[in-house]
Amino acid sequence: MEDKVIVDGLTFVPYITRDRIQEQVCRIAGELRRDLAGKSPVFLCVLNGAFIFAADLIRETGINDATICFVKYTSYEGMSSSGRIKEIIGLGEDIEGRDVVIIEDIVDTGLTAKYMIDDLRRRKPASIRFATLLHKPESTKTGFQPDYVAFSIPPKFIIGYGLDLDGKMRNLRDIYVVEEPVCADKR
Ligand code: IMP
């Protein structure tokens with residue numbers, strides 16, 4: 001793990017190691033395996049941020065007859081949510097009667113999650129579950145509570161393991177948090 005990562009003039013410091021991430025991926029995969037026993041689910045990976053988490057999680061579940069689909073939305077500009085959700089890639093698959101598992105990188109305001117779930121419900125799936133690598137409960141604007149959460153974190157901006165700053169740093173194996181500026185009275 002690097003001591004620090006600098007991107008666009010901002011410094012990021014180590015936050016969650018790859019080992020801790022893998023531990024939590026295994027835990028959630030086990031819970032999904034248990035909860036979806038006997039079903040052939042649809043795993044719905046939310047691009048771009050969830051692609052690494054989804055790849056690790058789906059493989060770890062060992063559910064070989066699952067369908068894997070991708071959707072894409074944007075809401076973030078730089079380090080904050082614009083509050084407007086835009087669909088970039090929609091769902092082509094017929095999910096009526098299917099057990100859907102949404103796989104997200106991070107739930108921040110919860111607006112993307114709410115938008116997706118409202119849209120999916122109209123398509124009459126048998127069930128919808130929501131798995132996220134990260135959750136910032138203090139940032140919620142919707143009260144949305146994911147079903148499976150690897151890490152609950154404070155409302156700080158992070159990068160790595162799929163998460164980006166303006167498209168960069170998704171490839172980092174560990175997760176880094178933006179360094180807080182040192183206040184004069186804390187020096
Ligand atoms: P929400 O709709 O506000 O819950 O935002 C969800 C999306 O915001 C995520 O899928 C990410 O793309 C982005 N996002 C939220 N927090 C962060 C962060 O700390 N780092 C990188 N992207 C983030």
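In the predicted model, tyrosine 73 has a relative accessibility of 10% and therefore counts as buried. The partly exposed class applies to tyrosine 115, at 33% relative accessibility. A search of the whole structure returns three aromatic pairs.

Because phenylalanine 130 lies in strand 7 (residues 127-135) and phenylalanine 144 in the loop between strand 7 and strand 8 (148-152), the parts tied together by the pair are 14 residues apart in sequence. Phenylalanine 130 is buried at 1% relative accessibility, and phenylalanine 144 is buried with a relative accessible area of 17%.

The search of the whole structure for disulfides finds zero. Cysteine 26 takes part in no disulfide, and the nearest cysteine sulfur, that of cysteine 45, is 18 Å away. With a relative accessibility of 36%, cysteine 26 counts as partly exposed. For cysteine 69, the closest cysteine sulfur is likewise in cysteine 45, at 10 Å, which is too far for a bond; a disulfide would require the two sulfur atoms to lie within 2.5 Å. Cysteine 69 counts as buried, at 7% relative accessibility.

Technical notes:
Residues numbered from 1 in each chain as written. Predicted model: local features only at pLDDT ≥ 70, side-chain atom pairs only at ≥ 80, totals over all residues. Heavy atoms only, no water. Phe/Tyr/Trp six-rings, centres within 6.5 Å; stacked < 30°, edge-to-face > 60°. Buried < 20%, exposed > 50% of the residue type's maximum accessible area, 1.4 Å probe, protein only. Helix = DSSP H or I, 4+ residues; strand = E, 2+ residues; numbered from the N terminus.
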